[in-house]
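I opened the notebook to record what I could look up in one structure, entry by entry. The sequence and the structure come before my notes.

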Amino acid sequence: MSYENSARIINDDIFDLINETFAKEKSSRNNEYRLNFFDTYNDYFVLTDDGSYSINSKEINNKVETLHTSTGAISESFEKFIKPMKFDYSKDIAILDICAGLGYNSSAAIADFMKNSTANLTIDMVEISKATFACGLLVPSPIPEHDITKKAIEDELIAQDYATLSLETAEIPKNININVFIEDARQTVQNLKDNTYDAIFLDPFSQNMAPELFSVEFFKEFRRVIKDDGIVATYTSSAPVREGFIEADFYIGLGPIFGRMQGGTLASPNPEMLDWALPKNDEIRIALSDVGIPFRDPGLNSSSELILDTRTEERHNARHNTKISSAVKTPIFLGQEMDDEKLKRRVERNLAKMNIPSTTSPEANYIVEVENDYAERQNSENNSTNRILKMKKRLKKVKMGNYIRT
């Protein structure tokens, strides 16, 4: 199976139907196939609470999920990817949209830009699957600006001989430049110029489906192409993703909560761009537990399976050696009294292997002491990233026997 086929995530049936529809359009030059698609295959589309449509994923681990939250597909774009940004609309803006999918995130960015600025906007949209982009042409536009995005997508699909007819009538404003890349985002990002983007939207389906788009090496490319005051936004609260950003020299903060129980993740070279800290226990687990081991893709060309297997092996090797076991969320009990004796025994067995005698020992309190300064509102000195880095150093000292009780 090609990487493109393994990486795309839309439902297999609709994937085949879209390809068939555009093939018929090409052979017949008849616009009815595309114009009638949504009404004919409406059952494949999912109406979300704000009136915008999503589509189903292919079956993953015996489950089928929608590509967007049921709370609202286009609302999710505004809440998670636009509201956290701190654009200076007196200047030109450049955005990199990774896994652009149906085009909702870019469309939300266009809508916000047109409301606030008369400068220039550049959006580079990246999506590996032609059929996924084509699906963006087939869904009803949730906002007028989606028609602008559709026009850019259609132009590129025609240029790549996938679509044939120019059916999108919207005009792309002269001060908006949309570049559409239909390829592996890992290859795209390596060809982009340094210090280019004010924002990067990172919206793959999941880390288990596409760990290659959450790797340390991929984030290092982000660090190269983003401006010093730029912000990366992603929906995930995953520990390995957050640690991956830190290893790539980003500061991290909490993203908006929308349609989920937890907030996403924001990352920036400049800590002043990030307002809210991660939850305290998230910081502790990232810093101290093997769950914080990130994804790695040294050549930016590994398969998803290899990246996942490599991380599993690294977690195994780190457990009890450089990291506290993640079993029963052991690290979050450091500095805490425990009433549950059975759980306490399990936790303290894990801690003993890291030279930590108990949850309330001087060693335990030393490691998490930096959390005493925790504040939800973070700044350049007191922030999630600095606390995580300090806890990692303290754990290493304790494990190596370099901590001296005072």
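My first question was: is Lys392 buried, exposed or partly exposed? I found Lys392 to be partly exposed, with a relative accessible area of 24%, where buried means under 20% relative accessible area, exposed means over 50%, and partly exposed lies in between, with a 1.4 Å probe and protein chains only.

**Ground rules**

I noted that this is a predicted model, in which local features need pLDDT of at least 70 and side-chain atom pairs count only at pLDDT 80 or more, while totals for chains, interfaces and linings use all residues. Residues are numbered from 1 along each chain as its sequence is written, and side-chain values use heavy atoms, with hydrogens and water left out.

**Salt bridges**

I took a salt bridge to be a side-chain nitrogen of Lys or Arg within 4 Å of a carboxyl oxygen of Asp or Glu, and by that rule the structure holds 26 salt bridges. Lys392 forms one of them with Glu243, the closest N and O atoms being 2.8 Å apart. I saw that this pair links distant parts of the chain, with Glu243 in helix α11 and Lys392 in helix α16 (residues 384–399), 149 residues apart; helices (H or I, at least four residues) and strands (E, at least two) are DSSP runs, numbered from the N terminus. Glu243 counts as buried, at 2% relative accessibility.

I then looked up Arg223 and Asp249, which form a salt bridge whose closest N and O atoms are 3.6 Å apart. Arg223 lies in helix α10 and Asp249 in the loop between α11 (239–247) and β8 (251–254), so the pair ties together parts that are 26 residues apart in sequence. Arg223 itself is partly exposed, with a relative accessible area of 23%.

I also noted the salt bridge between the side chains of Asp88 and Lys91, at 3.9 Å from N to O. Here Asp88 counts as partly exposed at 37% relative accessibility, and Lys91 counts as exposed at 53%. Elsewhere, Glu25, Arg34, Lys151, Glu154 and Asp155 are linked in a network of salt bridges.

**Aromatic rings**

I counted rings of Phe, Tyr and Trp (its six-membered ring) as a pair if their centres lie within 6.5 Å, with planes under 30 degrees apart called stacked, over 60 edge-to-face and the rest tilted; the count comes to 13 aromatic pairs. The rings of Phe219 and Phe245 have their centres 3.9 Å apart and their planes at 5°, so I recorded this pair as stacked. Phe219 sits in helix α10 and Phe245 in helix α11, 26 residues apart. Phe219 is buried, with a relative accessible area of 0%, and Phe245 also counts as buried at 0%.

Ala199 has Ile231 in β7 as its bridge partner. β7 also pairs with β9 (residues 265–268), in the antiparallel sense over 3 bridges, and Thr234 stands opposite Thr265 in β9.

Note on methods:
Pairing = 2+ DSSP bridges.
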